[in-house]
Amino acid sequence: MGPSVFNIGPFSVSSYAAFIDLGIIIGLLWTCLESRWKKADMSTVMEAALWALAAGIIGGRITYVAIYWPYFADHPREIISLSQG
């Protein structure tokens with residue numbers, strides 16, 4: 001997806017993946033700052049943010065597989081392959 005920003009060995013990082021990663025990092029930093037401003041327990045807030053991130057990735061994959069189920073029904077090994085969608 002998109003042009004390659006840089007390569008790490010045999011892996012190529014696309015601009016799309018780089019921007020997604022940048023958004024995740026900015027979101028976690030914003031969450032950290034908000035928890036400091038509101039004097040909340042930062043470890044609890046960051047733990048909740050990381051659980052939400054994991055749930056978003058898993059839920060996104062489940063949705064992607066559900067939308068393209070005719071393909072994945074024929075290729076079940078690719079269901080867990082996050083690099084393909």
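How close do the axes of helix 1 and helix 2 come, and at what angle do they cross? They come within 9 Å and cross at roughly 155 degrees. Axes here are lines fitted to C-alpha atoms, for helices over the stretch in contact, and angles run from 0 to 180 degrees between N-to-C directions.

Ground rules, quickly. This is a predicted model, where local features need pLDDT of at least 70 and side-chain atom pairs count only at pLDDT 80 or more, while totals for chains, interfaces and linings use all residues. Residues are numbered from 1 along each chain as its sequence is written, and side-chain values use heavy atoms, with hydrogens and water left out.

Back to the pair. Helix 1 and helix 2 are roughly antiparallel to each other. The cut-offs: under 35 degrees is roughly parallel, over 145 roughly antiparallel, 65 to 115 roughly perpendicular, and the rest oblique. Helix 1 passes helix 2 in a right-handed crossing. That label applies if the near helix is turned clockwise from the far one by less than a right angle; anticlockwise gives left-handed.

Who meets whom? From helix 1, we have Ile 24, Leu 28, Thr 31, Cys 32, Ser 35 and Arg 36. From helix 2, their partners are Met 42, Val 45, Met 46, Ala 49, Leu 50 and Leu 53. By class, this contact has nine nonpolar, two polar and one charged residues. Contact means heavy atoms within 4.5 Å. For the classes, Ala, Val, Leu, Ile, Met, Phe, Trp, Tyr, Cys and Pro count as nonpolar, Asp, Glu, Lys and Arg as charged, and the others, Gly among them, as polar.

Now the helices one at a time. Helices are DSSP runs of H or I with at least four residues, numbered from the N terminus. Helix 1 has 23 residues, and its end C-alpha atoms are 33 Å apart, in agreement with the 33 Å it should span at 1.5 Å a residue. The expected span is 1.5 Å times one less than the number of residues. Helix 2 covers residues 42-67. Those 26 residues reach 37 Å from first C-alpha to last, close to the 38 Å expected.

Look at Ser 35 in helix 1. Ser 35 is buried, at 4% relative accessible area. Buried means under 20%, exposed over 50%, and partly exposed in between, with a 1.4 Å probe and protein chains only. Leaving aside neighbours within four places in sequence, Ser 35 touches Ala 40, Met 42 and Val 45.

In helix 2, the buried set includes Ala 49, Arg 61 and Val 65. The buried residues of helix 2 pack against helix 1 (15-37) and helix 3 (69-74). Leu 50, also in helix 2, is partly exposed at 46%. Its C-alpha sits 26 Å from that of Phe 6, 44 residues apart along the chain.

Next, the loop between helix 1 and helix 2. Lys 39 lies there. Its phi is near 55 degrees, a positive value in a residue other than glycine. Lys 39 is exposed, at 75%. Asp 41 is in that loop too, and at 47% counts as partly exposed. Asp 41 and His 75 are 34 residues apart in sequence and 45 Å apart in space, C-alpha to C-alpha.

Last stop: the segment after helix 3, where Leu 82 lies. Leu 82 is exposed, at 53%. Leu 82 and Ala 66 are 16 residues apart in sequence, with 14 Å between their C-alpha atoms.

Methods
Helix = DSSP H or I, 4+ residues; strand = E, 2+ residues; numbered from the N terminus.
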